[in-house]
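Dear colleague,

I am handing over a structure that you have not worked with before. Please look through it first, and then read the notes that follow.

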Amino acid sequence: MENTNSLRIIAMIPARFEASRFPGKLMEDLNGKTVIRRTYEAALKTNLFDEVYVVTDSDLIHNEIVNNNGKSIKSTKKHECGSDRIAEAVMNMDVDIVVNVQGDEPLIDEESLSKLLKVFKNDPGKSIDLASLKTPMMDSDEISNPNNVKVITNKDNLALYFSRFPLPYPRETNSGVTYFKHIGVYAFRKKALMDFYSLPMLELEATEKIECIRYLEYGKSIKMVETNFKGIGIDTPEDLVKARKLFPTD
């Protein structure tokens, strides 16, 4: 297993059965295996983690993983977001870095995850609280779409702000600026994650409905790592059809 400076690293896959746009999507068939099982097995195959868990409030999802020799943790509380669900699960675990892997992203990119973990390898002073991914956007419709969270950073690639609005605002049409989409894969120091769990939501997070803003509002540092990996997030039945074309049948 590839590890990072003897840090204990685990992957957590938060998994809700009820999804607003596509309820039950994680239990849909993806060429012989469920979406959540595909994601779990893809995380294992990266060999980047000491352990991989699904954390869920659903008996169906929990049993799907456990009955196929996987590891799953049942949430005991109702949670508003994936970070809270993961924080409850790791509260009493001996772990240094926790990676949040999206349950509806079965096409996990090992290279991007490895880049996230290198952030902590290159941070002996522990100045970085968490790391996340960004990818460039070129299409104007993609940039203006509020479902795509935009991120701006400083010269050291530390996040300054996240927004559903185009950032920076294009006052001049040919400014030459590159817009970046935030990809919601995170690697946390455990302390930063537990701090998030204990701190109340503030106005900016509540307004934008973007959970990582809470870290910025409380002074946490977020290192953004650029990637060209797009992935396929299964948010709709149409996304599932696209994903089925990319997997062999088991």
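Helices (H or I, at least four residues) and strands (E, at least two) are DSSP runs, numbered from the N terminus. With those names, S6 is found in the segment before β1 (9–15). Residues are numbered from 1 along each chain as its sequence is written, and side-chain values use heavy atoms, with hydrogens and water left out. The model is a predicted one, in which local features need pLDDT of at least 70 and side-chain atom pairs count only at pLDDT 80 or more, while totals for chains, interfaces and linings use all residues.

On confidence, pLDDT is the predictor's own confidence in each residue, from 0 to 100, and its mean over the protein is 91, with 98% of the residues reaching 70 or more. Helix α3 (residues 82–90) has the lowest confidence, at a mean of 90, and strand β9 (residues 159–163) the highest, at 98.

To return to S6, this residue counts as exposed because its relative accessibility is 75%, where buried means under 20% relative accessible area, exposed over 50%, and partly exposed in between (1.4 Å probe, protein chains only). S6 and D96 are 90 residues apart in sequence, and their C-alpha atoms are 9.5 Å apart in space.

Grid points are joined across faces, edges and corners, and a volume is the space filled by probe spheres set on the points. A search of the whole structure finds one cavity of 30 Å³ or more, and the volume of the largest cavity is about 140 Å³. Its lining is made up of 13 residues, with L107, I108, D109, V185 and F229 nearest the centre, and α4 (110–121) and β10 (179–189) each supply at least two of the lining residues.

Some details of the backbone also deserve a look. Most residues other than glycine have a negative phi, and most peptide bonds are trans. The peptide bond from L167 to P168, however, is cis, with omega near -5°, and P168 lies in the loop between β9 and β10. K126, which is not a glycine, has a positive phi of about 55°; K126 lies in the loop between α4 and β7 (130–137), and counts as exposed because its relative accessibility is 58%.

With kind regards

Definitions and conventions
1 Å grid on protein atoms, 1.4 Å probe; cavity = no way out; pocket = protein on both sides within 12 Å on 5 of 7 lines; lining within 4 Å.
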